[in-house]
Structure formats: structure tokens, C-alpha cells
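Open the structure in your viewer and keep the selection panel at hand.

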Amino acid sequence: MSYPKIDEFTDNQQEIALFAKALSHPARIAIIELLARRKTCYSGNIADEIPLSRTTVSQHLQELKKSGIVKGEIEGQKVEYCIHAENFNRLKLLLEEFLCCQQILKSNC
């Protein structure tokens, strides 16, 4: 009987991978930067700032929401998005630990 190999990895490794997948497109980085500057923004306004269609921006927002980096609240017929501060801080902590504490960085390879 086979089982998912993902279970062989630590929770932190899985969490970093989830966040990294969400950050793997420049449009998503641009969306996060825009939300960081504005604090909150409606999806239509985001599409006005980024050179992509509203549908494409919406798809990227869904990926960011799925990872937990961004959250959205329905206000009438619009969705207001913002950075999920707690999860974003978790991402920052995980990346700092991963990037700063790796023995690989200390080797001469």
C-alpha cells in the first residue's frame, strides 16, 4: 500500500513549500506589494494597477488566499483584499530560519 510522500517532510518544510508556490509568479509578488502599500484593495482596483485582466488577477488572488498570505472579505458585490498579517509574519519567520540557519551556506562547495 502506498501513502503520500509528503508525509515524509516536516511541517515547516511543507509550509515553506506552500508559501513558495504562492510566491512563484511575478503577478502575485506585484499584488502583495500593492496590498502592502494600500493596506486593503478591491480586486477590480488591483486589476487597474497590474497589467493583467480582472479574471487573471482574480485567479492569482485565489492562489494567494489558498496559501493564507492574503485574505478577502465580501463587501456587497465586491471583495476587499488585504495581507493576512499573522500568516505573512509566519512566512517571514520560516524563510528567515530557512535562509539564515542552513549549514549549506557555511560550506565551501
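Which hand does the crossing of α1 and α5 have, left or right? The crossing of α1 and α5 is left-handed. A crossing is called left-handed if the near helix is turned anticlockwise from the far one by less than a right angle, and right-handed if clockwise.

Before moving on, some ground rules. This is a predicted model, with local features needing pLDDT of at least 70, side-chain atom pairs counted only at pLDDT 80 or more, and totals for chains, interfaces and linings using all residues. Residues are numbered from 1 along each chain as its sequence is written, and side-chain values use heavy atoms, with hydrogens and water left out.

**Stop 1: α1 and α5**

Select residues 11-22 for α1 and 85-100 for α5. Helices (H or I, at least four residues) and strands (E, at least two) are DSSP runs, numbered from the N terminus. The two helices pack at an angle of about 115°, with their axes 10 Å apart. Axes are lines fitted to C-alpha atoms, for helices over the stretch in contact, and angles run from 0 to 180 degrees between N-to-C directions. α1 and α5 are therefore roughly perpendicular to each other. The angle classes are roughly parallel under 35 degrees, roughly antiparallel over 145, roughly perpendicular from 65 to 115, and oblique for the rest.

Now show side chains. From α1, Asn12, Glu15, Ile16 and Phe19 make the contact. From α5 come Asn87, Arg90, Leu91, Leu94, Leu95, Glu97 and Phe98. Contact means heavy atoms within 4.5 Å. By class, the α1 contact with α5 holds 6 nonpolar, 2 polar and 3 charged residues. Here Ala, Val, Leu, Ile, Met, Phe, Trp, Tyr, Cys and Pro count as nonpolar, Asp, Glu, Lys and Arg as charged, and the others, Gly among them, as polar.

**Stop 2: Glu15**

Pick Glu15, in helix α1. Glu15 is partly exposed, with a relative accessible area of 23%. The scale is buried under 20%, exposed over 50%, partly exposed in between (1.4 Å probe, protein chains only). Leaving aside neighbours within four places in sequence, Glu15 is in contact with Arg90 and Leu94.

**Stop 3: α1 and α4**

α1 passes α4 in a left-handed crossing. Leu18, Phe19 and Ala22 of α1 meet Glu63, Leu64 and Ser67 of α4. This contact divides into 4 nonpolar, 1 polar and 1 charged residue.

**Stop 4: the core**

Select Ile31, Leu35, Ile46, Leu61, Leu64, Ile69 and Val70. Of the 20 residues in the largest nonpolar core, these touch the most other members. Such a core is a set of buried Ala, Val, Leu, Ile, Met, Phe, Trp, Tyr and Cys residues joined through side-chain atoms within 4.5 Å. α2 gives the most, with 4 residues. Next, centre on Ile46. Beyond four places in sequence, Ile46 touches Ile31, Leu34, Leu35, Cys41, Val57, Leu61 and Tyr81.

**Stop 5: Lys39**

Go to the loop between α2 and β1 (40-42), the place of Lys39. Phi of Lys39 is near 75°, a positive value in a residue other than glycine. Lys39 is exposed, with a relative accessible area of 60%.

**Stop 6: the whole chain**

Zoom out. The protein has 5 helices and 3 strands, in the pattern α-α-β-α-α-β-β-α. Buried residues make up 26% of the 109 residues.
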